[in-house]
Amino acid sequence: MSVRPFLGAAAGAALLLLGSAVAAPAAAASAAPRASVTVAPKGRIAADGTVTLSGTYRCFEGSGPVLVGSSVHQGLSTVRYGIGGTRAVCDGKKRRWENTGRAPSAALRAGAADVEATLLELRPFGGIPLPVFHAVRRQDVTLVQD
């Protein structure tokens, strides 16, 4: 009796089981609660150029630290300026975030701006933390002079 048909059947069964094992977590992940992040319609800009952005977030337990990052851009420029970062508490509750930072001198002013808030996890993969995005929100806001 040849061993080839047996090996072929064993390989086929292994692939079938592996496919089921991969499909099950994917289905469970899609049924899991979704994370969210919002951006407040107004931000603040101080006379010294310090920008404060805020909003809310909701996330659920992860395997690594979760952060709320934010960036802002104004006018025709394609440059986005990072405005701080906040460590998130992922317990399923809706929580407030607030980030403060400064862009280069005179890069931002009071008025219309585009803000992007990102909720991301630094998940360990083979000992290296890699970003996994949970939620992203882009919104037009008004920067108000403090």
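**Notebook: a one-helix, eight-strand chain**

I began with burial: of the 146 residues in the protein chain, 29% are buried. Buried means under 20% relative accessible area, exposed means over 50%, and partly exposed lies in between, with a 1.4 Å probe and protein chains only. I note that this is a predicted model, in which local features need pLDDT of at least 70 and side-chain atom pairs count only at pLDDT 80 or more, while totals for chains, interfaces and linings use all residues. Residues are numbered from 1 along each chain as its sequence is written, and side-chain values use heavy atoms, with hydrogens and water left out.

**Overall layout**

I looked up the secondary structure and found 1 helix and 8 strands. From the N terminus the order is α-β-β-β-β-β-β-β-β. Helices (H or I, at least four residues) and strands (E, at least two) are DSSP runs, numbered from the N terminus.

I then took the surface total: the chain has an accessible surface of about 9,100 Å², and 61% of that belongs to carbon and sulfur atoms. These areas come from the Shrake-Rupley method with a 1.4 Å probe, and for residues only the protein chains shown count as cover.

For contacts (heavy atoms within 4.5 Å), I counted those with a separation of 6 or more; residues 24 or more positions apart account for 65% of them.

**Strand pairing**

I listed pairs of strands, where two strands pair if DSSP finds at least two bridges between them. β7 (residues 111-125) and β8 (residues 128-145) are antiparallel, with 15 bridges. They form a hairpin with 2 residues between the strands, and Gly126 in the turn has a positive phi of about 60°. Phe125 has Ile128 of β8 as its bridge partner.

β8 also pairs with β2 (residues 42-45), this time in parallel, over 4 bridges. There I found Gly43 bridged to Leu143.

β4 (residues 66-73) has two partners on my list. It runs antiparallel to β7 over 8 bridges and antiparallel to β5 (residues 81-87) over 5 bridges. Val68 has Thr86 of β5 as its bridge partner. Why do I call β4 largely enclosed by the rest of the structure? Because 6 of its 8 residues are buried.

**Ser70**

I looked at Ser70 in β4. Ser70 is buried, because its relative accessibility is 7%. A polar atom of the Ser70 side chain lies 2.6 Å from the backbone oxygen of Ile83, and the Ser70 side chain makes a polar contact of 3.0 Å with that of Asn99. Beyond four places in sequence, Ser70 touches residues including Leu53, Tyr81, Trp97 and Glu116.

How many disulfides does a search of the whole structure find? I found 1, taking a disulfide as a pair of cysteine sulfur atoms within 2.5 Å. It joins Cys59 to Cys90, with S to S at 2.0 Å. The link is left-handed, with -90° about the S-S bond. Cys59 lies in the loop between β3 and β4 and Cys90 in the loop between β5 and β6 (95-102), so the pair ties together parts that are 31 residues apart in sequence.

Cys59 is buried, at 1% relative accessible area. Leaving aside neighbours within four places, its contacts include Ala35, Val66, Ala88 and Leu119.

**Nonpolar core**

I searched for nonpolar cores, that is, sets of buried Ala, Val, Leu, Ile, Met, Phe, Trp, Tyr and Cys residues joined through side-chain atoms within 4.5 Å. The largest has 24 residues; among those with the most contacts inside it are Val37, Cys59, Trp97 and Leu119. β3 (50-58), β4, β7 and β8 each supply at least two residues of this core, and the largest share, 4 residues, comes from β7. In soluble globular proteins, nonpolar side chains tend to be buried together.

**Gln139**

My last entry is Gln139 in β8. Is Gln139 buried or exposed? It counts as buried, because its relative accessibility is 17%. A polar atom of its side chain lies 3.1 Å from the backbone oxygen of Val39. The side chains of Gln139 and Arg137 make a polar contact of 3.5 Å. Beyond four places in sequence, Gln139 is in contact with Val39, Ala40, Pro41, Ala113, Asp114 and Val115.

Note on methods:
Polar contact = N/O pair within 3.5 Å; in protein donor to acceptor, adjacent residues only side chain to side chain.
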